[in-house]
Amino acid sequence: LSFALAWSEVLGASDIFIGVNALDYSGYPDCRPEYVEAYQRMGNLATRGAVEGTTPVRIQTPLMHRTKREIVQLGLSLASYYGQEPTA
């Protein structure tokens, strides 16, 4: 997230997307909604665009509350490739 926050500031982008999941996060504290919300608050205090009100930081977590099944179904609906790349 820190790299994405820095890069978003360079690009002048407000939205940062991350694929964290709170349902199957295996104990990683940075996959919890509270962590993402706190990081977003910090980003809005730490970036020039947010402080000046031109580009507020919004961390998007489209997979946060989805089950594995729902994530795979979403990927299939978007024509994501789930196969293994051919080896040489």
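1. What covers the buried residues of helix α2? The cover includes α1 (2–11), α3 (48–51) and β2 (58–60). Helices (H or I, at least four residues) and strands (E, at least two) are DSSP runs, numbered from the N terminus. The buried residues in α2 are Val36, Tyr39 and Gly43, and they cover an arc of only 60° around the axis, which puts them on the same side of α2. The arc is that of the directions from the helix axis to the C-beta atoms. On the other side of α2, Arg41 and Leu45 are exposed. Buried means under 20% relative accessible area, exposed over 50%, and partly exposed in between (1.4 Å probe, protein chains only). An α-helix has 3.6 residues a turn, so residues three or four places apart point the same way.

2. A note on the source. The model is predicted: local features need pLDDT of at least 70 and side-chain atom pairs count only at pLDDT 80 or more, while totals for chains, interfaces and linings use all residues. Residues are numbered from 1 along each chain as its sequence is written, and side-chain values use heavy atoms, with hydrogens and water left out.

3. The length of α2. Helix α2 has 14 residues (residues 33–46), which at 1.5 Å a residue should span 20 Å; its end C-alpha atoms are 20 Å apart, which agrees. The expected span of a helix is 1.5 Å times one less than its number of residues.

4. The aromatic pair. The structure holds one aromatic pair. The ring centres of Tyr35 and Tyr39 are 6.0 Å apart and their planes are at 35°, so the pair is tilted. Rings of Phe, Tyr and Trp (its six-membered ring) pair if their centres lie within 6.5 Å; planes under 30 degrees apart count as stacked, over 60 as edge-to-face and the rest as tilted. Tyr35 and Tyr39 are four residues apart in helix α2, so they are separated by about one helical turn. Tyr35 counts as partly exposed because its relative accessibility is 31%, whereas Tyr39 counts as buried at 14%.

5. The nonpolar core. The largest nonpolar core has eleven residues in all, among them Leu5, Ile16, Val20, Val36, Tyr39, Ala50 and Met64. A nonpolar core is a set of buried Ala, Val, Leu, Ile, Met, Phe, Trp, Tyr and Cys residues joined through side-chain atoms within 4.5 Å. In soluble globular proteins, nonpolar side chains tend to be buried together. Leaving aside neighbours within four places in sequence, Ala50 is in contact (heavy atoms within 4.5 Å) with Gly43, Asn44, Thr55, Pro56 and Val57.

6. Met64. This residue is found in the loop between β2 and α4 (68–77). Is Met64 buried or exposed? Met64 counts as buried, because its relative accessibility is 3%. Val20 and Met64 are 44 residues apart along the chain, and their C-alpha atoms are separated by 5.6 Å. Not counting residues up to four places away in sequence, Met64 touches Val20, Asn21, Ala22, Leu23, Cys31, Arg32, Pro33 and Val36.

7. Asn21. The loop between β1 (15–17) and α2 holds Asn21, which is buried, with a relative accessible area of 9%. A polar atom of the Asn21 side chain lies 2.9 Å from the backbone nitrogen of Leu23, and the side chain of Asn21 also reaches the backbone oxygen of Leu63 at 2.7 Å. A polar contact is a pair of N or O atoms within 3.5 Å; within protein, one must be able to donate a hydrogen and the other to accept it, and residues adjacent in sequence count only if both atoms are side-chain atoms.

8. Ser8. Helix α1 contains Ser8, which counts as buried at 6% relative accessibility. A polar atom of the Ser8 side chain lies 2.8 Å from the backbone oxygen of Leu5. Not counting residues up to four places away in sequence, Ser8 touches Ala13 and Ile16.

9. Asp15. Strand β1 contains Asp15, which counts as partly exposed at 32% relative accessibility.

10. Ala79. In the segment after α4, Ala79 has a positive phi of about 60° although it is not a glycine. Ala79 is exposed, with a relative accessible area of 66%.
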